[in-house]
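User: I'd like to learn how to read strands, helices and pockets in a model. Can you take me through one?

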Amino acid sequence: MTDTTAAPDELEASIEVSTSPAQTWALVSDLRRMREWSPQVLRTFIPGGPVRLGSRMINVNHRGALVWPTTAKVVRFEPHTSVAFRVAENRTIWSFTLEPTDGGGTRIVQRREVPDGISTLSNKLVGVAMGGVPTFVGELRQGMRQTLERIKAELER
């Protein structure tokens, strides 16, 4: 049975790190490294030099043995503050936002937004291949926490 429950408009997770926004930015803005942090990403290809506004990406994602590609474009690139990319296939926007903390560190906020809704095809595929929207959203939330914990570990080692 296909689950047609709508996904929430926004998913968010955050973590505090001891590094400055500039140090944190140097890591999180290098989107080629997503496979090191995200449990869903196998590979990210970004042709044409350093990541910048307008950069195009090809991501190879997985869930167990299931593997699928997505394409994305960097839609926000504000040094030391925010980087975001929009996934063409499902219309989601994924971002990292950096906020300085009182102690000289940084709060990293990862968000998944759906300002234009998630594509019908994507919702149907999630229902058929990924156990339905509630299950997949739970996995995304867990993956966001893991991503941030891995980024923190890399920054603070």
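Analyst: β5 and β6 (residues 93–100) pair in the antiparallel sense over five bridges; two strands count as paired if DSSP finds at least two bridges between them. Helices (H or I, at least four residues) and strands (E, at least two) are DSSP runs, numbered from the N terminus. Bear in mind that this is a predicted model: local features need pLDDT of at least 70, side-chain atom pairs count only at pLDDT 80 or more, and totals for chains, interfaces and linings use all residues. Residues are numbered from 1 along each chain as its sequence is written, and side-chain values use heavy atoms, with hydrogens and water left out.

User: Which residue in β6 is the bridge partner of Ser-82?

Analyst: Thr-97. Ser-82 is also the bridge partner of Glu-78, and β4 and β5 run antiparallel, joined by six bridges.

User: What should I look for in the hairpins?

Analyst: Check phi. The hairpin of β4 and β5 has three residues between the strands, and His-80 takes a positive phi near 70° there. With five residues between β5 and β6, that hairpin has Arg-91 at a positive phi near 70°.

User: Is β5 mostly covered or mostly open?

Analyst: Mostly covered, with five of its six residues buried. Buried means under 20% relative accessible area, exposed over 50%, and partly exposed in between (1.4 Å probe, protein chains only).

User: How do I read a helix the same way?

Analyst: An α-helix has 3.6 residues a turn, so residues three or four places apart point the same way. In α3, the buried residues are Ser-122, Val-126 and Gly-127. Seen down the axis of α3, they fall within an arc of 135°, so they line one face of the helix; the arc is that of the directions from the helix axis to the C-beta atoms. These buried residues pack against α4, with contact meaning heavy atoms within 4.5 Å. On the other side of α3, Thr-120, Leu-121, Lys-124 and Val-128 are exposed.

User: And what volume does the largest pocket have?

Analyst: Rolling a probe the size of a water molecule over the atoms shows where empty space is left. Here the volume is about 930 Å³, meaning the space filled by probe spheres set on grid points joined across faces, edges and corners. On a 1 Å grid over the protein atoms alone, a pocket is an open set of points where a 1.4 Å probe fits, with protein on both sides within 12 Å along at least five of seven lines; lining residues have an atom within 4 Å of a point. α4 gives the most to the lining, with 10 residues.
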